[in-house]
Amino acid sequence: MGKLDGRVAFITGAARGQGRSHALRLAGEGADIIAVDLCEQIASVPYPLGTPEDLAQTVKEVEALGRGIVAVKADVRERSQLRAALDEGLARFGRLDIVLGNAGICPWDDLSLAGGFVDGTDVDLIGVMNTVAVSLPHLKAGASIVLTGSTAGMMKGTTEVMGNTGGVGYSWAKQTVAKYTEVLALQLAPHNVRLNAIHPTNVNTNLLQNDRIYKTFRPDLENPTREDAELAFPVLQSMPIPYIEPNDVSSLVLFLVSDDARYITGLNLRIDAGGMLKGEPAL
Ligand SMILES: NC(=O)c1ccc[n+]([C@@H]2O[C@H](COP(=O)([O-])OP(=O)(O)OC[C@H]3O[C@@H](n4cnc5c(N)ncnc54)[C@H](O)[C@@H]3O)[C@@H](O)[C@H]2O)c1
């Protein structure tokens, strides 16, 4: 008996990283999966995004657990693509119980007018809202939505810097996801549909493990390596660790989508090893 037997989960950004981890954890508890990922590059993102091969690997690993999966290449910025992907999954599985708005990018840009800010807010905010929008018509009492924010949206000053429009777009999008969660959760509550957001600190995925982030954590070095950055990564946490693992986030997701959390809604939950205790959360 799994905690999610007979349920169906729609997961964005499922080709790799946290999205794949969530797919495997939920499938391990009996859920069938509708997985989407862009599987293409976005110009303002300074690290490679997920690939078709990554998405195929998620399919292989979910099927190895004995669960069904429909995987579709789709862009969360395009509501029609998301709707088509979801419809494909619904045609196979016939229901929708769980929605994970997980896809995200951390763009980087200078002061140019196009690029980072638009891409960051399109994917990290509009993409999340599109995911919810196409899902709502299919959700019934007992359904649960979890959106992925970031502690970057809770830190003071992250939207008041000049010179990295991508990073500001990222932080503002995550900040706004938090407020959106509280406002919409109240509207969903009478329908017994729950909505929560989770806000991780550093997570050990490609979004963190790339040269641009290494340079952000080690501006004192010309070409910092992963080893150099790992000495600085713990600054964001209170517990003495450089980052958490995708599986740590999946544990929180599983709790929130299961009946164990049946009366938990409208929360913005940090999973940050105490990081935000060191500063004053903006929320
Ligand atoms: N890694 C971290 O340190 C960290 C910290 C806090 C929050 N987050 C958030 O966690 C979530 C998951 O990120 P991750 O750490 O697994 O990174 P990741 O880069 O490994 O995975 C993100 C996935 O989303 C996909 N994606 C990007 N744009 C898309 C689009 N337009 N449409 C569909 N799919 C798209 C990518 O191809 C990739 O497979 C993101 O929302 C991210 O902002 C990450």
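This report walks through a helix, a ligand site and a few loop residues of a predicted model.

## Helix α2

Let's start with α2, which runs over residues 52-64 and so has 13 residues. From its first C-alpha to its last, the helix reaches 18 Å, close to the 18 Å expected at 1.5 Å a residue.

Which residues of α2 are buried? They are Leu-55, Thr-58, Val-59 and Val-62. Looking down the axis of α2, you'd find its buried residues within an arc of 100°, so they line one face of the helix.

Just after the helix comes Gly-66, with a positive phi of about 85°.

## Around the ligand

The ligand has 31 residues around it, and the ones that come nearest are Arg-16, Asp-37, Asn-102, Val-203 and Thr-205. Two helices take part in this shell: α1 and α5 (165-188) each supply at least two residues.

Now for some polar detail. A polar backbone atom of Gln-18 sits 2.8 Å from an oxygen atom of the ligand. Asn-102 also uses its backbone, with an N or O atom 2.8 Å from a ligand oxygen. With Asp-75 it's the side chain: one of its N or O atoms is 2.8 Å from a nitrogen atom of the ligand. How much of the ligand does the protein bury? On its own the ligand exposes 820 Å², and the protein buries 99% of that.

## Two residues with positive phi

Cys-39 isn't a glycine, yet its phi is positive, near 55°. You'll find Cys-39 in the loop between β2 and α2. Is Cys-39 buried or exposed? At 7% relative accessibility, Cys-39 counts as buried, because the cut-off is under 20%.

Ala-273 isn't a glycine either, and its phi is positive at about 50°. This residue lies in the segment after β7 (268-271). Ala-273 is buried too, with a relative accessible area of 14%.

## Thr-201 and Leu-236

Thr-201 belongs to the loop between β6 (194-200) and α6 (211-217). With a relative accessible area of 8%, Thr-201 is buried. Setting aside residues up to four places away in sequence, Thr-201 touches Thr-151, Leu-236, Gln-237, Ile-244, Ile-271 and Asp-272.

One of those partners, Leu-236, has its place in the loop between α7 (226-232) and α8 (246-257).

Which residues does Leu-236 contact, leaving aside neighbours within four places in sequence? They are Met-155, Thr-201, Asn-202, Phe-217, Asp-272, Gly-275 and Lys-278. Leu-236 and Gly-274 are 38 residues apart along the chain, and their C-alpha atoms are separated by 8.8 Å.

Terms used. Residues are numbered from 1 along each chain as its sequence is written. This is a predicted model: local features need pLDDT of at least 70, side-chain atom pairs count only at pLDDT 80 or more; totals for chains, interfaces and linings use all residues. Side-chain values use heavy atoms; hydrogens and water are left out. Helices (H or I, at least four residues) and strands (E, at least two) are DSSP runs, numbered from the N terminus. The expected span of a helix is 1.5 Å times one less than its number of residues. Buried means under 20% relative accessible area, exposed over 50%, partly exposed in between (1.4 Å probe, protein chains only). The arc is that of the directions from the helix axis to the C-beta atoms. A residue is near a molecule or strand if one of its heavy atoms lies within 4 Å of it. A polar contact is a pair of N or O atoms within 3.5 Å; within protein, one must be able to donate a hydrogen and the other to accept it, and residues adjacent in sequence count only if both atoms are side-chain atoms. Accessible areas come from the Shrake-Rupley method with a 1.4 Å probe; for residues, only the protein chains shown count as cover. Contact means heavy atoms within 4.5 Å.
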